[in-house]
Amino acid sequence: MILKGQAITKTYQEGRVVTPVLKGVDFGLEAGEIVALEGPSGSGKTTLLQILGCILSPSAGHVEVLGRRISDQSSRAQAELRRRHFGFVFQQFNLFPALTVLENVEYALNLKGLDGPVARREAEGLVEAVGLVDRAHYLPRDLSGGQKQRVAIARAMGGNPSVILADEPTANLDSQVGSQILELFRTIAKSSMRGLLVVTHDPKVRAIADRIVSIHDGLIQVV
Amino acid sequence: MVDLGLKTLLHDRTRFFITVAGVAFAVTLVLAQVGLFVGLLDNATITIRKASADLWITSHNTANVDFPQRFPETRVDRVRSVPGVQRADNLIVTFMSVATPSGAAENTVIYALKDFKAWNLPWDLKEGRVEDLRRGRYVFMDEGATRRFGSFRTEDTREIQETRLRIVGQTRGAQSFTTNPISFMDYDLVQSMQPDFLGGKTTYILVKLAPGADLEATRRELQRRLPYNDVFTSAQWAKKSRDYWVISTGLGLNAYLTVFLGCLVGVVVVAQTLYTSTMEHLKEFGTVKAIGGTNADIYRILARQATISALIGFGAGLAIALILVPLAGRAHLKLILPLPFVLAVAAGTVLMCLAAAMLSFRKVAGIDPGLVFRS
């Protein structure tokens, strides 16, 4: 198992009000597996994604990546873990508007320690893999929503992470483009044996998922 | 390596222009104000630096070269008798009024010697032979004096201290700290024009040492033999004259205040634009953190933006200041930009901008990478 969460609990406290979001969640992801994480708004999907991706610390429980316990680390160590093990795809794409397609991908590689011609070559390969060679030197403002999400996927794949975590990756795309993006995800997960966790409301994700996990009121229900 | 800091900075050109303009304004303010002050200080000591005297003997407690006090001219004989002195001559520095063609009167600082050539005064001749000053009622005027005295040419006459004198030569760059032009006249002529005031008196004695003579030992011996005078090396006398204007008059404080205000303007402009820019790019910084970047990565982006703004702003400010140099010259003002001062301003500008960026450091330190998941 490449990613594992055990008895994850997360509570938020505002003044005297304590809000439990996750109530002892267990979760696992195998290499090459695609898991769709579904649930209504406010059910705790994104919170779980953030905890599994070392962005948020759980109130209780722990997370393991490739058998190594990663929760309870310093923010610097968590950043290092994110660099080494995770790729992220966001609902809003979150590309750097001042950087071209190629530079967006290359910058993520730079953060992961790759530099110079090596980083440039890998970025070119990733841009080619998502079918954007002819848009490599475009700025994000000149791209369609689907093209932006392809750039985000290429960026997430940079540095060959073990796990890709995607938060509503098709939410801002039309149906046809959304299907193309999901197909791209499936190809990536199966060809490189990466684990893929997709938080979604989109029923089309079910078609590519190996497993569907539903979360309600902070508790997991396997569908 | 992809330069996210530079690319983001240049992406918003309006903001970048405002930042650079703010820095350039601050740099120009500091360079021009301090450069003009340095120019004035250069005037304050120019005759001391240009004259070939090793020692200057002044009346006791004379504040600076432009405020001369009289003492008996016969003391020069005592000076000449001191071992190590090769040559000593009286120098009169005094103020006289010049009648302008419009009927108004202006002041000029007169430097009077018997043998100008022996003392390298005046140091930059435009026209004429200084030896001619001994031959009659003649004067050398500085070309920069036309603004004060009206236009004149060599061979014109001017009324100085109610005496008509012929201009037999012109000098360049002879101006006092108070911007009064310096004129050069024969020593005896000056005494004859102000007999009650200067008869038998001088204001300074210039001393040249014999080869191999010990400067400090000779100075001490002269001071011992002239208890009612002060004896300075040229460097000491220049420092004393400069310090008078910088410290005693408060002009130095004024210059420091200008530098401080320039820095303040720069810091405020850069801090404000960088901070606003940081606030607008919070989500991008959150993305940097989410995909594995650390606070240090973001600090580097901000520091790079601040440094680039500083260097480009400094370059623009320096260019404007360099354009001002000849313009100031046309107004007979010296705007001097010594290299160490320019380098200090460059370093100060970078430090100032980095200090301004630190305001944003605090903001990004607290960025939650989870914010990228919020729509």
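**Close-up views of a predicted model**

Chain A of this predicted model holds 7 helices and 10 strands.

**View 1. Chain A as a whole.** The C-alpha trace of chain A spans about 50 × 35 × 35 Å along its principal axes. Buried residues account for 50% of the 223 residues in chain A. Take the contacts in chain A between residues at least 6 apart in sequence: 71% of them join residues at least 24 apart.

**View 2. Helix H6 of chain A, end to end.** This helix runs over residues 175-192. Its 18 residues, at 1.5 Å a residue, should span 26 Å. The end C-alpha atoms are 26 Å apart, so the span agrees. A:Met193 follows H6(A), and its phi is positive, near 55 degrees.

View 3. Buried residues in H6(A) are A:Gly178, A:Ile181, A:Leu182, A:Leu184, A:Phe185, A:Ile188 and A:Ala189. They cover an arc of only 155 degrees around the axis, so they sit on the same side of H6(A). An α-helix has 3.6 residues a turn, so residues three or four places apart point the same way. The other side of H6(A) carries the exposed A:Gln176 and A:Ser191.

View 4. Phi of A:Asn160 is positive, near 55 degrees, in a residue other than glycine. Most residues other than glycine have a negative phi. Is A:Asn160 buried or exposed? A:Asn160 counts as exposed, because it has 11 C-beta neighbours inside 10 Å.

**View 5. B:Thr179 in its loop.** In chain B, B:Thr179 lies between strand S8 (163-171) and strand S9 (182-186), in the loop. Its phi is near 70 degrees, a positive value in a residue other than glycine. B:Thr179 has 14 other C-beta atoms within 10 Å, so this residue is partly exposed.

**View 6. A cis peptide bond in chain B.** Which residues does the cis bond join? B:Leu121 and B:Pro122 are the pair, with omega about -15 degrees. Most peptide bonds are trans. B:Pro122 is found in the loop between strand S4 (105-113) and strand S5 (125-127) of chain B.

Definitions and conventions: Residues numbered from 1 in each chain as written. Chains lettered and ligands numbered in written order. Predicted model: local features only at pLDDT ≥ 70, side-chain atom pairs only at ≥ 80, totals over all residues. Helix = DSSP H or I, 4+ residues; strand = E, 2+ residues; numbered from the N terminus. Buried ≥ 20, exposed ≤ 12 C-beta atoms within 10 Å, placed from the backbone. Contact = placed C-beta atoms within 7 Å. Expected span 1.5 Å × (residues − 1). Arc of directions from axis to C-beta.
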